[in-house]
Amino acid sequence: MAGVTAIPSAPSDIHAEWSFIAMQYYWLIVNRTFEVFVTRSMICGARVRGVIASPEGTEPQQHDPQQYVSARLRRRYDSVNPESSEFLALDRANFQIPRSRISSIEFFPRKWGMGGVPYSGRLVLSDPSNSKCELILLGTQDAGLIATRLREIVA
């Protein structure tokens, strides 16, 4: 697809090695969209959009992960280090997971309940206490490459 990259690079002013766009469900049916920054020591989620409703049909632009990002919300993070406490303070939905705490990363090609929202599968990050972080890859992204890169950095 035009305009879709396998793994988008994070802006240079943001202290991240790379990033991707993902959604998480919370409270069973409500969802949030994040740009997930992979830094030297953490995986950090920055909320860049609120709820996504299932569309009636699929338009070509819906395959572009950046289509799910609010430019206004994304700009809040332009000069903030994702590993900082300031990053967490910008939005209560933001998260930081130390890479050293991730014990496994599983990839699943399907996610029940996505309706007509185009997605590329989901990743489930687990820690030793079996806490899980599910990241649904929005639009067309190279899920295999993202999963491989994540597994390499936490190995």
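Arg101 and Asp127 form a salt bridge, with their closest N and O atoms 3.7 Å apart. Here a salt bridge means a side-chain nitrogen of Lys or Arg within 4 Å of a carboxyl oxygen of Asp or Glu. Arg101 sits in the loop between S4 and S5, and Asp127 in the loop between strand S6 (119–126) and strand S7 (132–138), so the pair ties together parts that are 26 residues apart in sequence.

The model is predicted: local features need pLDDT of at least 70, side-chain atom pairs count only at pLDDT 80 or more, and totals for chains, interfaces and linings use all residues. Residues are numbered from 1 along each chain as its sequence is written, and side-chain values use heavy atoms, leaving out hydrogens and water.

**Fold**
- The protein chain has 3 helices and 7 strands; these are DSSP runs numbered from the N terminus (helices H or I, at least four residues; strands E, at least two).
- Along the sequence, the order is β-β-β-α-α-β-β-β-β-α.
- Of the contacts with a separation of 6 or more, 51% join residues 24 or more positions apart; a contact means heavy atoms within 4.5 Å.

**Burial and surface**
- Of the 155 residues in the protein chain, 47% are buried (buried: under 20% relative accessible area; exposed: over 50%; partly exposed: in between; 1.4 Å probe, protein chains only).
- The protein chain exposes about 8000 Å², with 51% supplied by carbon and sulfur atoms; areas come from the Shrake-Rupley method with a 1.4 Å probe, and for residues only the protein chains shown count as cover.

**Salt bridges**
- The whole structure contains 7 salt bridges.
- In the Arg101 pair, Arg101 is partly exposed at 39% relative accessible area, whereas Asp127 is buried at 18%.
- Arg99 bridges to Glu17, with the closest N and O atoms 3.9 Å apart.
- Arg99 lies in the loop between strand S4 (95–98) and strand S5 (104–108), and Glu17 in the segment before strand S1 (18–26), so this pair ties together parts that are 82 residues apart in sequence.
- Arg99 is buried at 13%; Glu17 is partly exposed at 41%.
- Arg74 and Asp78 meet at 3.0 Å, N to O.
- Arg74 is buried at 10%, while Asp78 is partly exposed at 28%.
- Glu35 joins Arg74 and Asp78 in a network of salt bridges.

**Cysteines**
- The structure holds 0 disulfides, a disulfide being a pair of cysteine sulfur atoms within 2.5 Å.
- Cys44 is buried at 0% relative accessible area.
- Cys133 is buried too, at 9%.
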